[in-house]
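Have the sequence and the picture at hand as you read.

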Amino acid sequence: MIHEYPAYYTEFRCIGGKCKDSCCISWELDIDDETYEYYKSVQGEFGDRLRRSMNNDDGNTFVLCDDGRCPFLNKENLCDIYTELGEASLCNVCTEFPRSHETIGDYTRSDVGLSCPEAARLIITGDINYVTHIDKYDSGERLNRSDKKRLKTILAIKDGLIDYIESDMYDEAGIPPAGKADSTKEGTDNSSWKTKANTMVKYVEKWQLQWNDEDYKKIDAKIDAKIDAKIDSKRGNNSGLKEEPEEKISTHEKRLDMLDIIEKLELLDDTLASWAKKYKELYDETSWSEFVRERGSLYDVWMEKIMAYYIFRYMIRAYYDNNIQTKIDMAVYSCSVIECVDYVRWLENGRCFQVEDMIDIARKYAKEIEHSEENLEYIEEEFLFAGV
Ligand code: SF4
């Protein structure tokens, strides 16, 4: 069994009462059947409280308080079930969150979700370091030859894209190269995260066509040769790309299209929609260019880590829907929306932007988008026809 996870997956520890935005607020909390039966059997006053607080009208859930809090989340933001009955008594969702796993054949991906503030801090500020661990146990699922080939190619695509994102992230001294983001006017933004995003979108467009023809060998050969925007621009057609990657995601009009999608999503509250609205109201070309110039090269590193997070987490789903392109589009879309909100925050902060701002915005974005399959599907469907 191949088990792959980022280094921050094992570093993650819930910070409990110190958490700025507990995962026990706003979301419907599903209780697995085994735990539900156990909670029903708990004796005494606490057992009565458990039974009063559960609902099984449409699956087993906790009945949230009017303010959206879990009924067992106390004033100190600590869990009363944990305190009364111990950690082993938590339902699967509460034990696992923000960890997530996906198993196909003998491969399992594990990571932690960007929507958790502590996980977001690790994802954005920690090392990008993916660990492949070979476990002795067997998943029990056998793939046929063709599915094995598809899975291998998807994993190779994911690895190729993440390797490319990680390239030139830091110099030999561990510092992001200076002067990455030196845009002077709208449309000429060559921040490294955008150059990489544009290059990846182009590569994946090509790979999607080869994937549709089941020409996996061509994709593998290109990944082996490494993705590189500079080499591609020199090599022209030999690179497998017809032309140098064009700037697809950096114009105001493109960003407006992306933000329009937000209005059509099911959102937990109006935070994301109001940020999108503010971007539309506050945008002006001169300020945007200043934001891109002033935010510093570490900003590119944070964005690149978020892109890597989305690719690592969602590329594997292409195994089921055969759509590798919408997975890279989703990663680029997420970073583009986050960038718009970052601009608003930068303006509101008096033209200052810190890593705490990035962590806060990225995790709020992820909380809205990633915890709704409908939202994820809606966004992917938009890209299916329009691209980023
Ligand atoms: S959101 Fe993360 S850090 Fe906060 S309580 Fe939940 S698991 Fe812990």
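At what angle do the axes of helix α11 and helix α12 cross, and within what distance do they come? They cross at roughly 155°, and the axes of α11 (residues 252-262) and α12 (residues 271-282) come within 9 Å. Here axes are lines fitted to C-alpha atoms, for helices over the stretch in contact, and angles run from 0 to 180 degrees between N-to-C directions.

Before going further, a word on the source: this is a predicted model, where local features need pLDDT of at least 70, side-chain atom pairs count only at pLDDT 80 or more, and totals for chains, interfaces and linings use all residues. Residues are numbered from 1 along each chain as its sequence is written.

**Two helix pairs**

Because of their angle, α11 and α12 are roughly antiparallel (over 145 degrees) to each other. Their crossing is left-handed, that is, the near helix is turned anticlockwise from the far one by less than a right angle. On the α11 side the contact (C-beta atoms, placed from the backbone, within 7 Å) uses L256, L259 and I262, while α12 brings L272, A273, A276, Y279 and K280.

The other pair is α7 with α14, and these two are therefore roughly antiparallel as well. K158, L161, I162 and I165 of α7 meet E304, M307, A308, I311 and F312 of α14.

| Pair | Angle | Axis distance |
|---|---|---|
| α11 (residues 252-262) and α12 (residues 271-282) | roughly 155° | within 9 Å |
| α7 (residues 145-166) and α14 (residues 297-314) | about 175° | 10 Å |

By class, the contact of α7 with α14 has seven nonpolar, no polar and two charged residues. Nonpolar means Ala, Val, Leu, Ile, Met, Phe, Trp, Tyr, Cys and Pro, charged means Asp, Glu, Lys and Arg, and the others, Gly among them, are polar.

**The ligand**

Around the ligand (C-beta, placed from the backbone, within 6 Å) you'll find C14, I15, G16, C19, S22, C23, F97, P98, C116, P117 and E118. That shell splits into eight nonpolar, two polar and one charged.

Of its 388 residues, 38% are buried (20 or more other C-beta atoms within 10 Å of their own).

H133 sits in strand β6 (residues 130-134). It counts as exposed (12 or fewer) because H133 has 12 C-beta neighbours inside 10 Å. H133 and E4 are 129 residues apart in sequence, yet 6.0 Å apart in space, C-alpha to C-alpha.

Technical notes
Helices (H or I, at least four residues) and strands (E, at least two) are DSSP runs, numbered from the N terminus. Angles under 35 degrees count as roughly parallel, over 145 as roughly antiparallel, 65 to 115 as roughly perpendicular and the rest as oblique. Two residues are in contact if their C-beta atoms, placed from the backbone, lie within 7 Å.
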